[in-house]
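Below are some exercises, each with a worked solution.

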Amino acid sequence: MRIAVCDRKVEDREFLKKQISEYWRGVPVDVFDSGEEIFTRIREGIWYDMVFLNVEDDDTQNLKIGAALERRFPNIALVLESASRSFGAEAFEMEALYYIVKPYSPEDFRKIRSRFLELQERRETIPIDKMIPLGKEKLREIPYRQITYLESCHNYLLVHLTSGAVTKIRGSLQEVMDYGDDYFLRVNRHYIVNMEAIVGIQGNICEAAGRVFVFSRQNKTANKKKYSEWLFRRAIGDLHHD
């Protein structure tokens, strides 16, 4: 487990770090004065199970950071902390684990720890995400939800991840579709897109992961139908990830 604290005030960062360390003994706590630094660390391969984000009336940049974390890394537990009580709606919208208002009390940290443990227990009952075997020998497995899209590059695949990282693996798009047909669209001969990353489809254009992909003529109709059926299955809770 690893926890990140983001607060522009040095004294508040250090106070939070001290309090967190008392309730999670031995757990590394990294402190930052900018939310963008957390994304940088994640791209470098450092994972956080919980992130404390400071938001204030005169500086709401971390609200955007929190929304982006919730959207891209839903398994990270978010805690909003502030001197103001005016961010309750935003905390609810981004499904924050807790919202604490300065001055903090020991009861706040007891509740945060209790809620986090309850969250972990619930997650243990959820089926493990489908793993997609990659590479010539299928020795590399990546949870499909961590993949936004895959790109064919000669005899290699460029695997674009939700963290922003790109992994290069020897293999083909068809090999991926053999294992992940229920989760991906083969938009054309060069790209496969995770349906969970799709923002929208219009005409022969598919928008996903901040990019625009063009459907090939032969699979445009089939892909639209497949995506529509996937949306329906997701809406009725009929998607299985194990």
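Predicted model: local features only at pLDDT ≥ 70, side-chain atom pairs only at ≥ 80, totals over all residues.

Which residue in the turn of the hairpin formed by β13 and β14 has a positive phi? Residues are numbered from 1 along each chain as its sequence is written, and side-chain values use heavy atoms, with hydrogens and water left out.

**Exercise 1: the hairpins**

Step 1. Helices (H or I, at least four residues) and strands (E, at least two) are DSSP runs, numbered from the N terminus.
Step 2. Strands β13 (residues 198-202) and β14 pair in the antiparallel sense over four bridges; pairing takes at least two DSSP bridges between two strands. Ile-198 has Ala-208 in β14 as its bridge partner.
Step 3. Two residues sit between β13 and β14 in their hairpin, and the turn residue we want is Gly-203, with a positive phi of about 65 degrees.
Step 4. Now β14 pairs with β15 (residues 211-214), again antiparallel and over four bridges, with Cys-206 opposite Phe-213. This hairpin also has two residues between its strands, and Ala-209 in the turn has a positive phi of about 55 degrees.
Step 5. Check the faces of β14 (residues 205-208): Cys-206 and Ala-208 are on the covered one, while Ile-205 and Glu-207 are on the uncovered one.

**Exercise 2: a helix face**

Task: work out how the buried residues of α6 are arranged.

Step 1. Buried means under 20% relative accessible area, exposed over 50%, and partly exposed in between (1.4 Å probe, protein chains only).
Step 2. In α6 (residues 173-180), the buried ones are Leu-173, Val-176, Met-177 and Gly-180.
Step 3. Looking down the axis of α6, these buried residues fall within an arc of 100 degrees, so they line one face of the helix. The arc is taken from the directions from the helix axis to the C-beta atoms.

**Exercise 3: around Ser-82**

Step 1. Ser-82 is in strand β4 (residues 77-82).
Step 2. Its relative accessibility is 0%, so Ser-82 counts as buried.
Step 3. Its side chain makes a polar contact of 3.3 Å with that of Glu-56. (A polar contact is a pair of N or O atoms within 3.5 Å; within protein, one must be able to donate a hydrogen and the other to accept it, and residues adjacent in sequence count only if both atoms are side-chain atoms.)
Step 4. Leaving out residues up to four places away in sequence, Ser-82 touches several others, including Phe-87, Tyr-99 and Tyr-104; contact means heavy atoms within 4.5 Å.

**Exercise 4: salt bridges**

Task: how many salt bridges does a search of the whole structure find? Look at two of them.

Step 1. The search finds nine, counting a side-chain nitrogen of Lys or Arg within 4 Å of a carboxyl oxygen of Asp or Glu.
Step 2. Arg-2 bridges to Asp-30, with the closest N and O atoms 2.8 Å apart. This pair links distant parts of the chain, 28 residues apart: Arg-2 is in the segment before β1 (3-6), and Asp-30 is in β2 (residues 29-32).
Step 3. Arg-2 is partly exposed at 25%, whereas Asp-30 is buried at 13%.
Step 4. Lys-225 and Glu-229 meet at 2.5 Å, N to O. They are four residues apart in α7 (residues 220-235), so about one helical turn separates them.
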